[in-house]
Amino acid sequence: MRTTCPYCGVGCGVLARADGKGGVAIKGDPDHPANLGRLCVKGAALGETLATRGRLLSPRIHGADASWDAALDLVVTRFAETIAAHGPESVALYVSGQLLTEDYYVANKLMKGFIGSANIDTNSRLCMASSVAGHRRAFGTDTVPGQYQDLELADLVVLVGSNLAWCHPVLHQRLMAAKAARGTKIIVIDPRRTATCEGADLHLALAAGADAHLFNLLLCHLADHGHLNAGFLPHVSGLDAAVLAARASMPADTGISAVDLAQFLALWAGSEQVVTVYSQGINQSDSGTDKVNAILNCHLATGRIGRPGMGPFSVTGQPNAMGGREVGGLSNMLACHLELENPAHRAAVQGFWASPTMADKPGHKAVDMFRAVETGQIKALWVLHTNPAVSMPDADRVARAIAACDFVVVSDIWPNTDTARLAHVLLPATGWGEKDGTVTNSERMISRQRAFMPAPGMARPDWWQLAQVAQRMGFAGFGWTQPAQIFAEYAALSGVAGRLGSDFDISALQAADYATLSPVVWPQAAQKGGRFFGNGQFHTPDGRARMIPVAARLPAATPPDFPFRLNTGRVRDQWHTMTRTGLAPRLSQHLGEPYLEIHPKDAARLGLAPAMLACVTSPQGRAILRVMVSDRVAQGHPFAPMHWTGETAPSGRVDALVAAITDPISGQPASKSTPIAIRPFGAAWFGFAVSRHDLHPTCDYWVKSAVAGGTQAEFAGASPPADWTEWASALFGGAVPSSAVSDRARGLHRFAFSEGGALLGAVFVSPDPVLLARGHLAGLLGQAEHSALAGRPGADQPDPGPMVCACLNIGLNTILQAIANHPAPSVAALGTSLGAGTNCGSCRPELAALIHRHSHREAAE
C-alpha cells in the first residue's frame with residue numbers, strides 16, 4: 001500500500017505491506033518524488049509503532065467507557081448550551097498538523113461557517129506561523145516558492161536556524177548527494193554546532209537572535225556592491241525603505257568573525273542560484289516575522305526567486321502543517337488562502353458553504369487561546385490530535401487552564417497523554433495506517449495517506465467525529481460518508497478562491513480518482529512546473545512583491561536571577577511528544593533522556609559534570625535534566641530537547657520552562673530564548689532498571705523508555721528510601737528479588753527479579769550515575785538471570801556501547817574500534833565495514849564527527 005509518512009513536513013512516500021508475521025513491513029517508496037525511496041530512521045521504524053495495546057478503543061465520559069451516541073450527544077449539548085449562554089466566542093477548537101486535510105477542512109467549516117467563531121487554531125502556530133506572516137506581507141499570500149529539487153540545482157544552499165540533518169533527514173540526504181555530485185556549497189547559520197554543520201563548508205555561529213541583523217547586512221552589501229537585479233526590481237516595491245531600515249541596524253555585532261562574514265557575503269552575493277532554507281531557529285522568535293522578511297528581502301532584491309535552484313524556502317515540522325495552512329486551520333485565515341478580514345472572501349466562502357453565519361474577525365491564536373481558557377472566556381474546548389499540556393510554552397500554566405475549563409473534549413488515539421488525562425470526554429480517533437486522506441508537504445506536494453489496517457475497537461476518523469457533532473447540532477452540509485467527498489468539496493472551493501485571485505486553486509483535482517491520486521505539486525495548471533513568482537507576478541493588490549523595512553533587534557538581556565538563555569528543539573530519533581516514536585525501542589537508544597547541553601566553561605563554573613543532573617528553573621517552571629557538557633553550544637546558551645512528557649519523564653517537561661512570549665504579528669512563541677537559572681540537582685543516589693513490564697517509579701527524577709521486550713528506566717533522588725529492598729520490590733509490583741547484592745557502606749545495591757528462571761528485570765543503585773552496559777541488560781530480559789547483576793557482558797561478548805546507528809543497531813564502541821583499526825577512516829569506509837550510515841543516513845554526520853575527533857587526537861599525539 002502506498003501511503004505517506006506521518007512525521008515531519010518532508011512528506012516521504014512509504015510502502016507498507018503485511019510481513020506475514022502479524023506485523024507490517026515498511027520501506028521508502030522509490031516512486032514518490034519527495035524521497036525517491038529514502039526514509040530516515042523514524043520513518044523506517046514505523047512498523048514498530050503500530051501497537052494497539054493501551055490505545056483508546058471506546059469513547060469515555062469522565063473516565064468511564066461510553067457509546068458514541070452518549071459521548072457525541074454530550075459534546076453537542078455542552079457546546080450548544082455554552083454558545084447559547086455565552087456566544088460563539090466561548091468555545092474553541094485546538095487542532096494539529098497531524099490531522100489530514102479532510103479533517104482540517106471539516107473543523108474549519110464547522111467552526112467558522114456554522115458556529116460563527118474563528119476560535120480554531122493549530123499547534124502549527126508553534127512552528128511556522130512567522131513564515132506564514134512573512135509570506136503574506138511580502139507576497140500577498142502564504143505561498144512557499146521553493147521546491148525540493150532546488151536544493152539539488154543550487155550552487156549555494158544556506159541553512160538558517162535549521163538542523164536539517166536531524167529534523168528533515170531525507171532533505172539533508174538529498175542535499176549531501178547534490179554536494180557530492182556537483183560541489184554545492186553549504187553554509188549553516190546557527191548558534192549551535194549541530195549535526196548539519198558536519199557537511200557544511202562554513203558554519204556561522206552567530207549571536208543568538210542576530211539573524212535579522214545578518215540578513216540586513218547582506219541586503220546592504222547587495223545594494224552597495226551592484227548585486228541588485230534591475231530587471232526584476234520593477235516587480236518589487238519598498239526597496240529604498242528596506243535598505244534604509246537595514247542601514248539603521250548597523251553596526252551590529254552578529255558574533256561572526258570578520259573573515260567568515262566577508263566569506264558569507266561574497267558567496268551569497270556571487271551565487272545566482274542560491275537557496276536559503278530556514279526553519280524554527282528563525283520562526284520561533286518574538287521577532288520571527290521580521291526575520292523571515294529580512295531573508296525574503298534579499299531574494300526579492302536580487303530576483304533570486306521563482307526559478308530553479310534559487311529562492312527562500314521554509315521547511316515545516318509536521319506532516320500536514322502546510323495542508324492546515326491551505327485549508328484555513330489558523331485562526332486568522334479562511335480556507336484556500338483567502339483572507340478572513342476581506343468581506344468579499346467571507347461572502348464567497350459563506351455562499352459556497354451555504355452556512356448560516358461566518359466569523360468576521362480573527363480568533364484567538366494558540367497562546368492567547370489558552371489564556372482565554374484560563375480566564376474563563378473560553379468555556380468549552382475541543383483538542384484534536386495534539387498535547388498542549390506538554391507542548392505549549394508555559395506548559396504547566398496551560399495544563400492548569402485546561403484542568404479548570406468547564407468542558408474539555410480530547411480526540412486522540414491514547415487515553416493517557418498529559419492532555420487526555422484532563423478531558424471530560426475522550427473520543428477514540430484513528431491513527432496512521434488507519435486514516436485515509438491527504439497531506440501537503442513543505443514544497444506544496446499533495447500526497448495520499450491510505451489506510452492499510454482496520455480501525456481498532458470503536459476508533460473513528462476525526463472528520464467523522466466533527467461531522468457527527470455538526471449534524472447533531474442541526475447543521476446541513478456535513479453528510480459526507482467518505483473522505484473523497486470532502487476532498488472534492490474542498491477542491492471545488494479552491495476554484496472559487498482562484499477566481500478571487502488566490503494562489504491556491506486545486507480545482508483540477510476535483511474530478512481526480514481519489515483512490516489512485518498520485519503525488520502532485522499545486523498549482524500545475526496555473527504555473528509551469530508548479531513554480532510561483534518567476535514571472536514577477538505576486539498576489540498583492542498591485543501585483544508587486546513588497547520588501548518590508550526590518551528594524552532588527554536582539555533579545556533583551558537576561559535578568560540577574562536567570563542569567564542563561566535556553567534554546568529548545570528536537571533530537572534525531574524522536575518526534576514531538578513521542579506518543580508514536582516512543583513505542584519503537586531502537587528510537588530511544590540514541591538519546592534516551594531529557595538533557596541539558598551546556599558549554600564546558602558554564603558547567604565548570606556551576607560545578608556540573610557529565611551525566612550529573614541539573615535543576616533548571618525559569619519564572620514559569622522547573623525541570624531536572626541530565627547534563628551533557630559540550631562546546632557545540634555557546635557560553636550562556638544551553639540547549640534542551642522538548643520531547644518528554646508526564647508519561648515518560650515528568651521532571652523533564654522542557655516546555656514548562658519556556659516563556660509564552662510571542663511574535664506580535666504571527667503569534668508564534670519564542671521557544672528558543674527563555675531566561676533560566678541552572679544549579680546542580682543534589683542527587684543522593686542514582687538508579688537504573690530494566691523490566692519486561694511497565695515501570696511506575698516514585699522518586700524525584702525518572703525517565704522511562706521502550707526496549708525490546710520491555711522497559712528501561714533511569715532514576716535519581718535527593719534522599720534514599722528507608723529500605724532499598726522494599727523500594728525495588730515495589731517497583732516490580734511487590735515481587736521478591738530472586739537475587740541481590742548490596743554494599744551499604746558504598747551505597748551500591750543490585751536486585752534481580754525472575755519468573756520461572758527467566759529474567760523479569762533488574763535494578764541497580766549507586767551514589768553516582770550508574771555505569772552499565774544498558775543494551776546488554778535489556779537483551780537479557782526473558783533469559784536466564786545468572787549473569788544479570790554483573791551489569792556487563794563477559795569478556796567474550798564485547799559491549800557495543802551507546803547506540804549511534806539505530807537502523808542497524810551499531811553502537812559507539814563498535815564504531816570507535818573500526819575507526820581506530822582503519823588506516824584511512826571515512827564515513828564510506830564505516831559503511832563498507834559495518835554498514836553504519838548505509839540505510840537511512842541519519843547518523844552520517846555523527847560518524848563524520850567521530851572520525852574528525854579521532855583524526856585530531858592522532859594529530860595531537
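1. **Ground rules.** This is a predicted model, in which local features need pLDDT of at least 70, side-chain atom pairs count only at pLDDT 80 or more, and totals for chains, interfaces and linings use all residues. Residues are numbered from 1 along each chain as its sequence is written, and side-chain values use heavy atoms, with hydrogens and water left out.

2. **α8 against α9.** Please start with helix α8 (residues 211-224) and helix α9 (residues 239-248), whose axes come within 9 Å and cross at roughly 120 degrees. Helices (H or I, at least four residues) and strands (E, at least two) are DSSP runs, numbered from the N terminus. Axes are lines fitted to C-alpha atoms, for helices over the stretch in contact, and angles run from 0 to 180 degrees between N-to-C directions. The two helices α8 and α9 are therefore oblique to each other; angles under 35 degrees count as roughly parallel, over 145 as roughly antiparallel, 65 to 115 as roughly perpendicular and the rest as oblique. The crossing of α8 past α9 is left-handed (that is, the near helix is turned anticlockwise from the far one by less than a right angle, while clockwise gives right-handed).

3. **Who meets whom there.** On the α8 side the contact uses Asn216, Leu219, Cys220, Ala223 and Asp224, and on the α9 side Ala242, Val243, Ala245, Ala246 and Arg247; contact means heavy atoms within 4.5 Å. By class, the residues in the contact of α8 with α9 are seven nonpolar, one polar and two charged. Here Ala, Val, Leu, Ile, Met, Phe, Trp, Tyr, Cys and Pro count as nonpolar, Asp, Glu, Lys and Arg as charged, and the others, Gly among them, as polar.

4. **α8 against α10.** Helix α8 also packs on helix α10 (residues 258-270), at an angle of about 60 degrees and with the axes 10 Å apart. These two, α8 and α10, are therefore oblique to each other, and their crossing is right-handed. From α8 come Leu214, Phe215, Leu217, Leu218, His221 and Leu222, and from α10 Leu261, Phe264, Leu265, Trp268 and Ala269. Sorted by class, the contact of α8 with α10 has ten nonpolar, one polar and no charged residues.

5. **Aromatic pairs.** How many aromatic pairs does the structure hold? There are 28 aromatic pairs. Rings of Phe, Tyr and Trp (its six-membered ring) pair if their centres lie within 6.5 Å; planes under 30 degrees apart count as stacked, over 60 as edge-to-face and the rest as tilted. One of the pairs joins phenylalanine 478 and tryptophan 480, edge-to-face, at 5.5 Å centre to centre and 75 degrees between the planes. Phenylalanine 478 is buried at 1% relative accessible area, and tryptophan 480 is buried at 10% (buried means under 20% relative accessible area, exposed over 50%, partly exposed in between, with a 1.4 Å probe and protein chains only).

6. **Tryptophan 522.** Tryptophan 522 and phenylalanine 532 form another edge-to-face pair, 5.8 Å centre to centre with 70 degrees between the planes. Relative accessibility is 3% for tryptophan 522, which is buried, and 2% for phenylalanine 532, also buried. Both belong to an aromatic cluster that includes Tyr105, Phe139 and Trp353. Please look too at the peptide bond from tryptophan 522 to proline 523, which is cis with omega near -5 degrees.

7. **Positive phi.** Cysteine 336, which is not a glycine, has a positive phi near 60 degrees. Cysteine 336 lies in the loop between α13 and α14 and is buried at 0% relative accessibility. Arginine 444 is not a glycine either, and its phi is positive at about 70 degrees. Arginine 444 sits in the loop between β17 (437-440) and β18 (445-449) and is buried, with a relative accessible area of 0%.

8. Is serine 331 buried or exposed? Serine 331 is buried, at 0% relative accessible area, and its contacts beyond four places in sequence include Lys112, Asp121, Arg125 and His364. Leucine 554, in the loop between β20 and β21 (564-569), is partly exposed at 42% relative accessibility. Beyond four places in sequence, leucine 554 touches Ala208, Gly209, Ala210 and His213.
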